[in-house]
Amino acid sequence: MVTITKRQRLSLLLLLIPATSLAFVPSPHPHLFAVANPIDPSSPSSALCSSGTTSDYNNMPKSSTTSSPPIPQWYQHEISITAPSRGCHLITSEVNSAIRNDLSNIKIGMANLFIQHTSASLTINENADPDVRRDMEVALNKLVPAQWAKDGTFHHTMEGEDDMPAHVKSSLMGPSLNIPIRNGRLALGTWQGIYLNEHRDQGGWGGGHTRRIIITLQGQA
């Protein structure tokens, strides 16, 4: 009987491996390895299996659909409005007039309106019947009665009896709005308008509270 050692078995096994088989080439990095074809390096498959070079990668066909992402556009405006009286006032036209030129450059985006005051607010509601704005003021006065500044409910009264109720109404209604921009226009509904809510009695053109509103536009053309 002929006895074959393990070394002889390994030698026979290596002889049986086809000459075109791939061989692993040691890499200088212990956690990486490269594959090469030692028999026919000019074959098309060897370029893909070898470690390759930068020029090989650069010569590969690139997708023709690759394009740079659109650059976001940002604009900011400030408008000042003095309400003619206490109550809810429609200011959509004033806002549109201030931002019209920049707004037309944006196809899709968002407009943020922020009022820099604690006794006035912004909201969106019906733009057609003026009775809606009157009824909004009546409802706010029911929610926060002026009497609270007189009967001891409120302690902050040094700035006038209408001051603390105005602070509460401002927080209830909110200081800011976000309105989508679509195809160069504010995407308001047909019956939606932007309200400036003046919550203090000292309103009046030229002698009341001038309210500053920051309008920030951002989006893509």
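**A conversation about the model**

Modeller: Let us begin with Gly160, which counts as partly exposed at 22% relative accessibility. Please keep in mind that this is a predicted model.

Biologist: Where is the place of Gly160?

Modeller: Gly160 sits in the loop that runs between helix H5 (130-143) and helix H6 (163-173). Its C-alpha atom is separated by 8.5 Å from that of Ala149, and the two residues are 11 apart along the chain.

Biologist: Now the wider picture. How many helices and strands does the protein have?

Modeller: The protein has 6 helices and 10 strands. Of its 221 residues, 30% are buried.

Biologist: Let us turn to H4. What does helix H4 span between its end C-alpha atoms?

Modeller: Helix H4 (residues 92-103) spans only 14 Å, whereas a straight helix of 12 residues would span 16 Å at 1.5 Å a residue.

Biologist: And which residues in H4 are buried?

Modeller: They are Thr92, Val95, Ile99, Asp102 and Leu103. These residues cover an arc of only 90° around the axis, which puts them on the same side of H4.

Biologist: Why do residues three or four places apart point the same way in an α-helix?

Modeller: An α-helix has 3.6 residues a turn, so residues at that spacing, three or four places, point the same way.

Biologist: A change of topic: what is the volume of the largest pocket?

Modeller: The volume of the largest pocket is about 340 Å³. Its lining has 16 residues, and those nearest the centre are Thr92, Asn96, Arg185, Leu186 and Leu188. Two or more lining residues come from each of H4, strand E8 (185-186) and strand E9 (192-198).

Biologist: Which element gives the largest share of that lining?

Modeller: H4 does, with 4 residues. By type, the lining divides into 5 nonpolar, 8 polar and 3 charged residues.

Biologist: One last item, Asn183. What is its phi?

Modeller: Asn183 has a positive phi of about 50°, although it is not a glycine. Most residues other than glycine have a negative phi. Asn183 lies in the loop between strand E7 (176-182) and E8.

Biologist: Is Asn183 buried or exposed?

Modeller: Asn183 is exposed, with a relative accessible area of 54%.

Methods:
Residues numbered from 1 in each chain as written. Predicted model: local features only at pLDDT ≥ 70, side-chain atom pairs only at ≥ 80, totals over all residues. Heavy atoms only, no water. Expected span 1.5 Å × (residues − 1). Buried < 20%, exposed > 50% of the residue type's maximum accessible area, 1.4 Å probe, protein only. Arc of directions from axis to C-beta. 1 Å grid on protein atoms, 1.4 Å probe; cavity = no way out; pocket = protein on both sides within 12 Å on 5 of 7 lines; lining within 4 Å. Points joined across faces, edges and corners; volume = space filled by probe spheres on them. Nonpolar A, V, L, I, M, F, W, Y, C, P; charged D, E, K, R; others polar.
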